Amino acid sequence: MKIREMFGEKVVFSLEVFPPRQIAPVQTIYHALEEMKDLNPSFISVTYGAGGRGTDNATIGIASAIKHQYGIESVAHLTGFHLSREDVRLQLEKLAENGIENILALRGDIVSGIAGKGEFTYAHELIRFIKENGDFHVMAACYPEGHPESPDIVSDILNMKEKVDAGADHLVSQLFFDNEFFFRFRERAQLSGIKVPMEAGIMPVTNRKQIERMVSLCKVELPKKFLTIMRKYEDNPVAMREAGIAYAVDQIVGLIAEGVEGIHLYTMNNPYIAQRIHQAVSALI
């Protein structure tokens with residue numbers, strides 16, 4: 001089933017997982033999925049490879065299991081910067097062979113010391129290639145606070161419009177901690193003529209190390225309320241976890257009240273957190 005068919009009747013609620021790092025057994029992801037399957041998410045997306053590099057890419061196998069073993073629609077991430085057209089064509093063939101109909105197409109992180117192939121410098125180039133070489137629903141990323149490499153939010157909106165014009169069927173946002181960023185971004189997108197569904201990406205933050213990494217990578221702004229919570233509970237792991245869950249639930253409630261089309265929960269492969277959040281918002285979706 002293509003994801004585009006899910007929008008309209010109710011709020012889409014999706015999850016994201018990642019293949020285990022090389023130091024962890026691959027079976028750990030299946031234990032997590034076993035615990036999350038009863039949440040009955042609209043779909044589960046699987047990030048690309050180990051650490052996003054695709055050097056030991058378990059994405060397709062996990063996405064196939066989600067669909068065929070757990071009976072949940074799946075989305076496979078695909079990053080283009082370090083791949084050639086032939087590499088991508090082979091990936092598309094494997095996805096089709098496994099019955100996977102949905103792809104999140106990304107440029108991907110530029111990994112130090114690993115040269116790009118030079119054939120997919122931007123995400124819109126990968127999106128167009130996928131649309132020309134297969135029958136897939138293609139998702140694209142968007143950035144409510146602007147992409148870290150973008151000079152300003154106007155440039156970011158124009159880049160997002162290129163993705164949609166290239167064939168992106170729906171958008172999923174980078175994480176954010178202040179809903180106002182998302183609302184303003186959504187309004188600008190609509191004014192620019194972008195009409196595809198947009199899911200809000202929510203990441204529950206449960207420890208200080210996690211948030212420091214996210215701020216460094218994504219350049220997101222931390223609201224005063226969030227900083228107050230972190231300072232108060234950072235030395236109490238259980239309290240910090242519960243506060244992070246509560247903050248994420250509060251964000252989701254506010255987003256749904258304002259008519260968001262979907263919530264995409266970055267689970268960090270943690271079933272407990274996904275279950276707690278789903279339990280709190282299930283009556284709203």
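Helices α3 and α4 are oblique to each other, a term for angles that are neither under 35 degrees (roughly parallel), nor over 145 (roughly antiparallel), nor 65 to 115 (roughly perpendicular). The model is a predicted one, in which local features need pLDDT of at least 70 and side-chain atom pairs count only at pLDDT 80 or more, whereas totals for chains, interfaces and linings use all residues. Residues are numbered from 1 along each chain as its sequence is written, and side-chain values use heavy atoms, with hydrogens and water left out.

Helix α3 covers residues 85-97 and helix α4 residues 123-132, and the two pack at an angle of about 50° with their axes 11 Å apart; helices (H or I, at least four residues) and strands (E, at least two) are DSSP runs numbered from the N terminus, and axes are lines fitted to C-alpha atoms, for helices over the stretch in contact, with angles from 0 to 180 degrees between N-to-C directions. The crossing of α3 past α4 is right-handed, that is, the near helix is turned clockwise from the far one by less than a right angle. On the α3 side, Arg85, Val88, Arg89 and Leu92 meet Leu126, Phe129 and Ile130 of α4, contact being heavy atoms within 4.5 Å.

Within α4, the buried residues include Ala123, His124, Leu126, Ile127, Phe129 and Ile130, where buried means under 20% relative accessible area, exposed over 50% and partly exposed in between (1.4 Å probe, protein chains only). The elements that cover these buried residues include α3 together with strands β3 (74-79), β4 (102-106) and β5 (137-142) and helix α5 (153-166). For Ile130, when neighbours within four places in sequence are set aside, the contacts are Leu78, Leu92, Ile103, Ala105, Phe136 and Val138.

A search of the whole structure finds zero disulfides, a disulfide being a pair of cysteine sulfur atoms within 2.5 Å. The sulfur of Cys142 has its closest cysteine sulfur in Cys218, at 13 Å, which is too far for a bond. Cys142 is buried, at 1% relative accessibility, and Cys218 also counts as buried, at 12%.

Tyr233 belongs to helix α8 (residues 224-233) and is partly exposed, at 29% relative accessibility. With neighbours within four places in sequence left aside, Tyr233 is in contact with Ala239, Met240 and Ala243, while its C-alpha atom is separated by 9.8 Å from that of Thr206, 27 residues apart along the chain.

Lys219, although not a glycine, has a positive phi of about 60°; this residue is placed in the loop between α7 (208-218) and α8 and is exposed, with a relative accessible area of 53%. Met268, likewise a residue other than glycine, has a positive phi near 55°. The loop that holds Met268 runs between β8 (262-266) and α10 (271-281), and Met268 is partly exposed there, with a relative accessible area of 36%.
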